[in-house]
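Open the model in your viewer and keep the selection tool at hand. Each stop below gives a selection and says what to look for.

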Amino acid sequence: MQMIPHSRPTIDHEEVAAVTAVLESGQLDQGEQVLDFEQSLASLIGVGGAVAVSSGTAALHLSLLALEIGEGDEVVIPSFVCPALLNAIRYVRAVPVLADIDRETFNIDVRDLKRRVTRKTKAVIVPHMFGLPADIREIVAFGVPVIEDCAQALRSSYEGAPSGSFGALSVFSFYATKVICTGEGGMVAANNRQLLDRIRDLRDYDEKADDRLRYNYKLTDLQAALGLAQLRKLPALIGRRRALARQYDEFLRENLLPAPACPPDRDHIYYRYVIRTKQVAELLAAGGEAGIAYRRPVFKPLHHYLGITGYPQTEAAFIETVSLPIYPSLHDEEIKTILQHAQPFLMR
Ligand SMILES: Cc1ncc(COP(=O)(O)O)c(C=O)c1O
């Protein structure tokens, strides 16, 4: 049986050549390639600088530390996201405060977020979910420091400006299935030199004059060479994602079903293509039998882990959404197979 995985990296001879060249150079650890990767990402996002780290989670952790967030401070995040955000907040002993999401966009709901902000709120982490920018301008206007989480939204944009150029800091992930990959990897980007210097200091423990808690969160030149090769292809990678999304959109329109929302002031990069169905379990099971990896877009909402209630839109999204495979190497024929098996379970 031909399997269609949910995600697949797009790697060809250019990545192989770039990584091979680093292997042959003998300089494998953090060096020139990492520096180049940092500068390339910062200029792509249009910010002053960037610091490469070993994962998106490490990027979140060091961002919270750079903002001097610690014990008892509150950090607001949406409930409909992976536990990496929750973990990073707990690493610094801060208190996670969950907000509900917008029903249409699956991004953090601005009004609910506003209700959850208190005197103790020291930051908001705003993920741009599934490749669609959140209401970032409105959120930044609250005046609370914003960490933009661009793990799923590299080079998406809001009013023409790249995601990651609005917050005090922005974080990226280059995990194997992300928009561009380095296997594992991450980055923090910002305009503020002081914040970037703190992060650069904290990611590496060696040869420091003073005694403080530091980490080994470095990226290697091997990974950065892979990342740079991927970054050169980014316009093509995103172009293919959008072309695939148009095929899905067209199918949904023909069947009088709603396509994923994208407000006119934003550019979606379709990291995930999320549809609604009243038969999530049935669709996942049918995919299993047909060799197609349909998935829940979020494995489990964070309020379920915390055992709390009060997140009706997150709950609805959890109960009635499925993520269809979407990645640049997906063939048009595979799209047809994915839709053919999904069609009986789509909401009418
Ligand atoms: C929105 C979001 N933030 C952060 C992360 C964490 O990134 P990493 O897996 O590189 O630690 C992910 C990873 O899937 C993510 O989707």
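The model is predicted.

Helix α2 covers residues 32-45 and helix α8 covers residues 221-232. Two numbers describe a pair of packed helices: the angle between the axes and the distance between them. For α2 and α8 the angle is about 35°, and the axes lie 8 Å apart. The crossing of α2 past α8 is left-handed.

**Next stop: V75**

Select residues 74-78, which form strand β2, and pick out V75 within it. Is V75 buried or exposed? V75 has 27 other C-beta atoms within 10 Å, so it is buried; the cut-off for buried is 20 or more. Show its contacts beyond four places in sequence: L64, I69, I89, A94, P96, V97, K122, A123 and I125. Then draw a distance from V75 to K122. The two are 47 residues apart in sequence, yet their C-alpha atoms are 5.9 Å apart in space.

**Two loop residues with positive phi**

Go to the loop between β5 (146-149) and β6 (157-158) and select R155. Phi of R155 is near 65°, a positive value in a residue other than glycine. R155 counts as buried because it has 21 C-beta neighbours inside 10 Å.

Move on to E207, in the loop between α7 (193-202) and α8. Phi of E207 is also positive, near 55°, and E207 is not a glycine either. Where R155 is buried, E207 is exposed, with 5 other C-beta atoms within 10 Å.

**The ligand**

Select the ligand and the residues around it. How many residues surround the ligand? There are 13, and the closest are G56, T57, A84, A151 and S173. Colour this shell by type: six residues are nonpolar, six are polar and one is charged.

**Zoom out**

Finish with the whole protein. Cartoon view shows 13 helices and 12 strands. The C-alpha trace spans about 65 × 55 × 35 Å along its principal axes. The radius of gyration is 20 Å, which agrees with the value near 20 Å for a compact globule of 348 residues. Of the 348 residues, 49% count as buried. Among contacts with a separation of 6 or more, 69% join residues 24 or more positions apart.

Notes:
Residues numbered from 1 in each chain as written. Predicted model: local features only at pLDDT ≥ 70, side-chain atom pairs only at ≥ 80, totals over all residues. Near = placed C-beta within 6 Å. Nonpolar A, V, L, I, M, F, W, Y, C, P; charged D, E, K, R; others polar. Helix = DSSP H or I, 4+ residues; strand = E, 2+ residues; numbered from the N terminus. Rg over C-alpha atoms; globule rule 2.2 N^0.38 Å. Buried ≥ 20, exposed ≤ 12 C-beta atoms within 10 Å, placed from the backbone. Contact = placed C-beta atoms within 7 Å. Axes fitted to C-alpha atoms, helices over the stretch in contact; angles between N-to-C directions. Left-handed = near helix turned anticlockwise from the far one by under 90°.
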